[in-house]
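Here is a short report for a first look at this structure. Keep the sequence and the 3D view open while reading.

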Amino acid sequence: MTEGTDRRISPEELRSHQWYGTDGLRSFSHRARTRQLGYLPEEHLGKPVVAILNTWSDINPCHVHLRDRAQAVKRGVWQAGGFPLEFPVSTLSETFQKPTPMLYRNMLAMETEELLRSYPVDGAVLLGGCDKSTPALLMGAASVDLPTVFVPAGPMLPGHWRNEVLGSGTDMWKYWDDKRAGLIGDCEMGELENGLARSPGHCMTMGTASTLTAAAEALGVTVPGASSIPAVDSGHDRMAAQSGLRIVELVWQQLTLSKILTADAYEDAVATVLALGGSTNAVIHLIAMAGRSGVKLTLDDFDRIARTVPVLADLRPGGRYLMEDFHFAGGLPGFLSRLTDVLHLDRPTVAHPTMREQIQGALVHNTDVIRERADPLAEEGGVAVLRGNLCPDGAVIKHIAAEPHLLRHTGPAVVFDDYQEMQRTINDPALALTADHVLVLRNAGPKGGPGMPEYGMLPIPDYLLKQGVRDMVRISDARMSGTSYGACVLHIAPESFVGGPLALVRTGDLVTLDVEARLLHLDVTDEELEVRRAAWTPPPARYGRGYGALYQDQITQADTGCDFTFLARPGEVPDPYAG
């Protein structure tokens, strides 16, 4: 690794020197209290103080190993001559937190920002990986702009069942539908329950977690290859220690996040996500992250870049393989070596002066997993941005995970006003649903959900599953798990809860999806829509107090990243240290 810039700051220029290094009473107090913690003066004075923000908890299986990884980061920091301090921060457990951890992404971002700003730290190492934790940590850190390294939690081991390799999330949806169709029973489901998730770590498919950690590596905020190392591999421990070593050098160089998270870096992250066939959730998160970095990233940028990159990763849910296969096939460095013509290779990363040097010499060892450019999984990036009278501010679809015959489809809508109604009635034969119907779910967006839950993969009725139907066109203002699949149109903006056109759809209206034309259209005249709009009544607010009230007051729509307006806007924040 390079030593970076020529100029290195002196110990007196460290941010933490304001707390520890002066002759005043407050510095005396800070030093005395540090002695109270059991530290000697020579252990921390004049050394970079590194905050290790750890999202570990007992109820987050994706992060349950991060308690140990924090020790490896500390080891690296100590060996590099720094002073590590671990901070517990909110854990966003995708599995257990309701109504959705997306409701709390911005809370973790606020916590990250204010901890880094208010304490005597010179740099940060961020430990996360489960879906919302990666963008939350990086959004908060970007707003403070300290030297920062991200440590991804890593994917879990592949699942196994009856000699079949399982992908968490993706195969859960698949076999749950098989159970509803009567193809398997409780015995098989009990075995699947034991075999689906075999170790700590996030989902080992190219779901939201792997998509966002890959985006973090593409942005340049991890050490090379970090995003695909299996969580329980000894290489993951070494990567954490390497990150601890590296952050100390970044502090001396003052290589802050704003020098890494540039417009070019975000374009490369988008290209990476699209070429991986990654999760649609990355669209919302990258737009929000870019906003915190002062970079304007829009849905149109995703659609523009999608037309320039093929899908080269044959990973579930859009392909066949899992993240461990991807790691040993070359990981992200090998993958990016196939995209050099569309990347900005002369930008810096936390590990090298340029991305060019970071991926120099990277190889692909398995061309079934990481395809050749001449043999892509799909000719264009895996996410398409739709427009039309149903989504004037945009919607998205992961079209590579849908049945091809549905990518141009017109059918009558069947409307569900909320998720609970849909659950109660979806299997009612009186609805007389066919494979041609378009399932419509509303009031599931940022405000309506609340928190924009992952309701977008609406269930197919049991009686259609038993007929062999495995996909239908489904549209909503919700999100969808990155491990899910199907012809699901998501993130419709503006959402129905605030009066977007989705609020005006009626059962029986014809809806047209045309992915090639990037169109989502409701076959209702403008005049009729205006009549319906005049009769529409806004629903009552979801929250009367607390964090939820702050959320509903400040949350933006999906097309602008679902950040809080008071956090997304530009503005100066004074240095909190007052002498």
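Which residues in helix 9 meet which residues in helix 12? Thr 211, Ala 214, Ala 215, Ala 218 and Leu 219 in helix 9 touch Ala 265, Tyr 266, Asp 268, Ala 269, Thr 272, Val 273 and Leu 276 in helix 12. Contact here means heavy atoms within 4.5 Å.

## Ground rules

This is a predicted model, in which local features need pLDDT of at least 70 and side-chain atom pairs count only at pLDDT 80 or more, while totals for chains, interfaces and linings use all residues. Residues are numbered from 1 along each chain as its sequence is written, and side-chain values use heavy atoms, with hydrogens and water left out.

Helices (H or I, at least four residues) and strands (E, at least two) are DSSP runs, numbered from the N terminus.

## Helix 9 against helix 12

Helix 9 spans residues 208-219 and helix 12 spans residues 263-276. They pack at an angle of about 140°, with their axes 8 Å apart. That makes helix 9 oblique to helix 12. Axes are lines fitted to C-alpha atoms, for helices over the stretch in contact, and angles run from 0 to 180 degrees between N-to-C directions. Angles under 35 degrees count as roughly parallel, over 145 as roughly antiparallel, 65 to 115 as roughly perpendicular and the rest as oblique. Helix 9 passes helix 12 in a right-handed crossing. A crossing is left-handed if the near helix is turned anticlockwise from the far one by less than a right angle, and right-handed if clockwise.

## Helix 6 against helix 13

The axes of helix 6 and helix 13 come within 8 Å and cross at roughly 15°. That makes helix 6 roughly parallel to helix 13. Their crossing is left-handed.

Helix 6 brings Pro 135, Leu 138, Met 139, Gly 140, Ala 142 and Ser 143 to the contact. Helix 13 brings His 285, Ala 288, Met 289 and Arg 292. By class, there are six nonpolar, three polar and one charged residues.

## A pocket and a cavity

The second largest pocket holds about 810 Å³ of space. Of the 32 residues that line this pocket, the closest to its centre are Gly 291, Arg 292, Leu 567, Ala 568 and Arg 569. Helix 5 (105-118), helix 6 (133-144), helix 11 (257-260), helix 13 (281-292) and helix 22 (565-568) each give two or more residues to the lining. Helix 13 gives the most, with four residues. The lining has 13 nonpolar, eight polar and 11 charged residues. On a 1 Å grid over the protein atoms alone, a cavity is a set of points where a 1.4 Å probe fits but cannot get out, and a pocket is an open set with protein on both sides within 12 Å along at least five of seven lines; lining residues have an atom within 4 Å of a point. Grid points are joined across faces, edges and corners, and a volume is the space filled by probe spheres set on the points.

About 40 Å³ of space lies in the largest cavity. Its lining is Val 283, Ile 284, Leu 299, Gly 394, Ala 395, Val 396, His 491, Ala 558 and Asp 559. Six lining residues are nonpolar, two polar and one charged.

## Loops to look at

Most residues other than glycine have a negative phi, and most peptide bonds are trans. Gln 254 has a positive phi of about 55° although it is not a glycine. Gln 254 sits in the loop between helix 10 (234-253) and helix 11.

The peptide bond from Arg 316 to Pro 317 is cis, with omega near 10°. Pro 317 lies in the loop between helix 14 (299-306) and helix 15 (323-329). The bond from Gly 449 to Pro 450 is cis, with omega near -10°.

Terms used
Nonpolar A, V, L, I, M, F, W, Y, C, P; charged D, E, K, R; others polar.
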